[in-house]
Amino acid sequence: MPTELPYAAEAETSLAPEELDVLRSQYYKEIEQGHVTTQSKFNYGWGLVKSSTAEQQTEGVKLLQEIYSASPAHRRECTYYIAVGYYKLRNYTYARKFNDLLLAVEPENMQAQSLRQLIERAVTRDGYIGLGILAGATALTGVVLASVWKRARK
């Protein structure tokens with residue numbers, strides 16, 4: 001579902017597998033050399049977050065959170081992509097938390113403002129879906145109970 005919000009478009013787009021392979025190769029090459037630069041780790045984490053699979057997105061969030069925790073100088077650049085990763089994983093509570101951290105420091109950040117709108121829409125959509133499921137389950141329970149009660153009265 002493409003968004004009409006241009007700044008948050010990358011929250012709904014994926015990286016091509018070939019592009020991710022380039023970032024993966026660089027990251028693992030540095031691991032083999034015994035020293036991974038923060039930039040290579042960030043690039044690979046960013047690429048994983050932008051991938052199309054939840055497993056890779058989870059790994060990307062993990063790498064970005066490692067940078068976030070270990071390097072205060074890089075927190076700003078990690079915060080948005082951690083929020084994007086959680087959004088793509090449908091963990092809207094954490095997506096909102098990290099996005100709000102960025103907005104607290106940069107209230108005019110258009111990417112974060114757009115991502116906030118995407119998160120809120122998703123929360124609302126999932127809430128409506130949940131209500132629909134609950135209503136359906138309630139109706140089904142009512143039908144089953146009515147049937148049981150009707151049989152018990154015979």
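Modeller: A salt bridge is a side-chain nitrogen of Lys or Arg within 4 Å of a carboxyl oxygen of Asp or Glu. By that rule, the structure holds five.

Colleague: What kind of model is this, and which residues qualify for local features?

Modeller: It is a predicted model: local features need pLDDT of at least 70, side-chain atom pairs count only at pLDDT 80 or more, and totals for chains, interfaces and linings use all residues. Residues are numbered from 1 along each chain as its sequence is written, and side-chain values use heavy atoms, with hydrogens and water left out.

Colleague: What makes Arg 24 and Asp 21 a salt bridge?

Modeller: Their closest N and O atoms are 2.6 Å apart. That is within 4 Å, so the pair qualifies. Both residues lie in helix α1 (residues 17-32), three residues apart, about one turn of the helix.

Colleague: What does the pair of Arg 96 and Glu 120 tie together?

Modeller: The side chains of Arg 96 and Glu 120 meet in a salt bridge, at 2.9 Å from N to O. Arg 96 lies in helix α5 and Glu 120 in helix α6, so the pair joins parts that are 24 residues apart in sequence. With 29% for Arg 96 and 32% for Glu 120, each counts as partly exposed.

Colleague: Why does Asn 99 count as buried?

Modeller: Its relative accessibility is 1%, so Asn 99 counts as buried. Asn 99 lies in helix α5 (residues 92-105). Contact means heavy atoms within 4.5 Å. Leaving aside neighbours within four places in sequence, Asn 99 is in contact with Tyr 80, Ala 83, Ala 112, Leu 115, Arg 116 and Ile 119. In the chain, buried residues make up 34% of the 154 residues.

Colleague: Why are α2 and α3 called roughly antiparallel?

Modeller: The axes of α2 (residues 38-49) and α3 (residues 54-70) cross at roughly 150 degrees and come within 7 Å. Axes are lines fitted to C-alpha atoms, for helices over the stretch in contact, with angles from 0 to 180 degrees between N-to-C directions. Under 35 degrees is roughly parallel, over 145 roughly antiparallel, 65 to 115 roughly perpendicular, and the rest oblique. The two helices are therefore roughly antiparallel. Residues in the contact include Phe 42 and Trp 46 of α2, and Leu 63 and Ile 67 of α3.

Colleague: How many helices and strands are there?

Modeller: Six helices and zero strands. Helices (H or I, at least four residues) and strands (E, at least two) are DSSP runs, numbered from the N terminus. The pattern along the sequence is α-α-α-α-α-α.

Definitions and conventions
Buried means under 20% relative accessible area, exposed over 50%, partly exposed in between (1.4 Å probe, protein chains only).
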